[in-house]
Amino acid sequence: MKVNPSSSSEVLLSICCLTYNHANFIEQAIEGFLAQETDFLYEVLIHDDASTDATTAIIQTYQARYPEIIKPIIQKENQWSKGLRAVSATYNFPRAAGKYIAMCEGDDYWTDPTKLQKQVDFLEKNPDYVITYHDAMVIDDNEKVIKKSKMPDHSKRDYSKKDLIGGKTNILTLSMVFRNLDIIKEQAEETSYFMNGDNFITAQLGLFGKGKYFNEIKPAVYRQHTGGVWSDIGNEKKIANKINTHYWMYRYFTRKGNHNAAKLYLRKLSGSVSLIDKKHRFILVKRGIMAKLISGISQFILKF
């Protein structure tokens, strides 16, 4: 661990980490957190969703060594299996003391010890930006590199407020450092229906500013392995989940009275539903999404 805190005793950044049965990986993730070279204090908020392997024991060992930094919540019952999807928004964001939040799941890790300092320095100097991010490589369980870059070249750029709000982004969770705004902690009802809440977070942030891509930060490492919540989902369900996300984004912005953003997602929904094939349409019908889409779109048209 190499941290050079400023004279202030206040935490400037909160690292939020979700983990479940990551005994083979969590130590590498935590070491990546502790290796950060900063001139500010940070904390590591870990949510362990009732792991059944040695993950909990490993986290508790680090907590004993670094009690001022490592602050875990160890669940006794698995929250994901009980239907909770907004785990970060429920358990980590509300207790984040930092002005900024960084994210990295327990099976991924950082390779650049200067990443947090670079991202925080930029946000401190540029109030019109709300989020910073960078690339990652993809490896398998044997540490073999599958892809040197997880981000398509066209995504390696800065994003406008409109890009962020409209979901026209490809920001990797393990690369994010963003402002800890009140809107992130509000636990909007819609978060319960997302499988992947990253787009929701970036859309919320987009209401307040732009996004900055860092090419000079060494790629982090995203682990693609069996047992991953997102890795194990087939393409059919990924498409259904994407449409599901668009629907709840539309509902969120409608409820918030942001009609321009709501219309953006209405167009996304209309386009997606009209193009979806029978197999994917069946998945949506089975999950009850199709009826909600039709009802929601009809109500929106009648209202506006």
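Which residue in S9 does Ile 131 stand opposite? In this predicted model, that residue is Gly 211.

Strand S5 covers residues 129-133. Five of its five residues are buried, so the strand is largely enclosed by the rest of the structure.

S5 pairs with two strands described here. Four bridges join S5 to strand S9, residues 210-213, and these two run parallel. Two bridges join S5 to strand S8, residues 177-179, and that pair runs antiparallel. Ile 131 takes part on both sides: Gly 211 stands opposite in S9, and Phe 178 stands opposite in S8. Strands of a sheet pair through backbone hydrogen bonds, either parallel or antiparallel.

## The seven-stranded sheet

These strands belong to an open sheet of seven, in the order S3-S2-S1-S4-S8-S5-S9. Its pairing is mixed. S3 (70-74) and S9 stand at the edges. Each has a single partner strand, so one side of each is left without a neighbour in the sheet. Neighbouring strands are turned by 20 degrees against each other on average, direction ignored.

## Core and Phe 178

The largest nonpolar core holds 75 residues. Leu 13 and Phe 178 have the most contacts inside it. Helix H7 (residues 235-256) gives the most to this core, with seven residues. In soluble globular proteins, nonpolar side chains tend to be buried together.

Helix H4 spans residues 115-125. Its buried residues are Lys 115, Leu 116, Gln 117, Gln 119, Val 120, Phe 122 and Leu 123. They pack against strand S1 (11-19), strand S4 (100-103), S5, S8 and S9.

Helix H6 (residues 198-206) is mostly covered, with eight of its nine residues buried. These are Asp 198, Phe 200, Ile 201, Thr 202, Ala 203, Gln 204, Leu 205 and Gly 206.

## Ala 57 in helix H2

Ala 57 lies in helix H2, residues 55-65. Is this residue buried, partly exposed or exposed? Ala 57 is partly exposed, because its relative accessible area is 45%. Its C-alpha atom is separated by 8.8 Å from that of Ala 23, 34 residues apart along the chain.

## Cysteines

How many disulfides does a search of the whole structure find? The search finds zero. A disulfide is a covalent bond between the sulfur atoms of two cysteines. The cut-off for the sulfur pair is 2.5 Å.

Two cysteines show the distances involved. For Cys 16, the closest cysteine sulfur is in Cys 17, 9.0 Å away and so too far for a bond. For Cys 104, the closest is again in Cys 17, at 6.1 Å, which is also too far for a bond. Cys 16 is buried, with a relative accessible area of 3%. Cys 104 also counts as buried, at 1% relative accessibility.

Definitions and conventions: Residues are numbered from 1 along each chain as its sequence is written. This is a predicted model: local features need pLDDT of at least 70, side-chain atom pairs count only at pLDDT 80 or more; totals for chains, interfaces and linings use all residues. Side-chain values use heavy atoms; hydrogens and water are left out. Buried means under 20% relative accessible area, exposed over 50%, partly exposed in between (1.4 Å probe, protein chains only). Two strands pair if DSSP finds at least two bridges between them. A nonpolar core is a set of buried Ala, Val, Leu, Ile, Met, Phe, Trp, Tyr and Cys residues joined through side-chain atoms within 4.5 Å. Axes are lines fitted to C-alpha atoms, for helices over the stretch in contact, and angles run from 0 to 180 degrees between N-to-C directions. Contact means heavy atoms within 4.5 Å.
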